[in-house]
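Please consult the sequence and the structure shown below while reading.

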Amino acid sequence: MQTQPASTPASTSTSTSASAPASAPVSAPAAASAPFRALVPGIAGMALVGSSVTVSRALVGAPLFATQAVRYVAAALLLFGLARAARVTILWPRGREWLWLAGIAAAGLVLFNVAVVRGVAHAEPAVIAVAVASVPILLGLLGPLLEGRRPSRRVLLAAPVVVAGAVLVEGTGRTDAAGVAWAALALGCEAAFTLLAVPVLRRHGAWGVSVHAVWLGALMLVGLAVAFERPAGLWSLGRAQWAAAGYLAVMVTAVAFLLWYRTVAAVGAGRAGLLTGIAPLAAAGAGVLTGSGVPGPAVWLGLLVVIAGLAAGLRPDRAPRAAARAEGPAPDVPSAPRPQEPTG
């Protein structure tokens, strides 16, 4: 994540404070050799996303669009406030950037929530979870192509392992044809949340992409709530439901978005995609903490499989040494002639 993307003379920003330059697109050697600390924000972000499964149960009876609108409006205000406090410049989108950012909001935020809610009406939650857990394969294939490089063979081999472990953790369930369609849509939306950010991360950084995606999504959800729901139903929410909405707004939206896009900018979409396997593990752990019981053998086996896949796919390459071998030894530089000693 570029916490302080640079502004250009022709651009307009929401802040006039100084900022650091935005980084260039991650190259293949840089992505493969990025240190573990570059993955830590993504790991934390996916852990927060996984915890949202347990927290969201409190909102089952709440108005869908209205509750989500409150969540994203609060998250947008929080992100704006944090950006100003941190003196981070948020650039105003221009040209096609509006399409990419609106796509993140429409597909990755609004449509994803619709797909999940409508999907569980036709399928057991595990079906939707398994579909979403397959996102590392899509990100491993399409992410590097959007970044202008070839997919990593290591990531492509590790992605199915991570997916298999996630399936073991989530389990399987019954569904019908409509449930399969909603699950496929949820998978596509989850992948779009990362892939559509790749073209705009260079200029806007994690802060800019998070801020613009969230406020655009908030506007869309407000419109949907007014058109299809009775927002007055929000007054019937209890303290537990408001607390759940607050947690989703602060930790799962504002904080998790920043952490996730920071890792995508640092290591690339393909390699970061493997970290989505952490979300079901975090969901299982949150279930234990809230009294759902100790997981069964399949969950523990899935945990080991996910860890094995992450270890195989995220192991950094020794890019500098490999590049040095590829380039060969440095050419000999002729030394300056020694002065001749006088004779006589």
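Helices α7 and α13 are roughly antiparallel to each other, because the angle between them is about 165° and angles over 145 degrees count as roughly antiparallel. In this predicted model, α7 covers residues 153-170 and α13 covers residues 297-314. The axes of α7 and α13 lie 7 Å apart where the two helices pack. The crossing of α7 and α13 is left-handed.

A second feature concerns the surface. Val 73, Leu 77, Val 222 and Val 226 make a nonpolar surface patch of about 340 Å². Two elements, α3 (64-85) and α9 (198-228), each give two or more residues to this nonpolar patch. Val 222, one of the patch residues, has its place in helix α9.

Gly 179, by contrast in topic, belongs to helix α8, which spans residues 177-195. How far apart are the C-alpha atoms of Gly 179 and Val 120? The separation is 7.3 Å, although Gly 179 and Val 120 are 59 residues apart along the chain.

The table sets out the accessibility of two residues discussed above.

| Residue | Relative accessible area | Class |
|---|---|---|
| Val 222 | 35% | partly exposed |
| Gly 179 | 0% | buried |

Gly 179 counts as buried because its relative accessible area of 0% falls under the 20% cut-off. Val 222, at 35%, is partly exposed because this class lies between the 20% limit for buried and the 50% limit for exposed.

Terms used: Residues numbered from 1 in each chain as written. Predicted model: local features only at pLDDT ≥ 70, side-chain atom pairs only at ≥ 80, totals over all residues. Heavy atoms only, no water. Patch = residues over 30% accessible without salt bridge, like charges linked within 9 Å, V, L, I, M, F, W, Y side chains within 5 Å. Areas by Shrake-Rupley, 256 points an atom, 1.4 Å probe, with all protein chains shown as cover. Salt bridge = Lys/Arg side-chain N within 4 Å of Asp/Glu carboxyl O. Helix = DSSP H or I, 4+ residues; strand = E, 2+ residues; numbered from the N terminus. Buried < 20%, exposed > 50% of the residue type's maximum accessible area, 1.4 Å probe, protein only. Axes fitted to C-alpha atoms, helices over the stretch in contact; angles between N-to-C directions. Parallel < 35°, antiparallel > 145°, perpendicular 65-115°, else oblique. Left-handed = near helix turned anticlockwise from the far one by under 90°.
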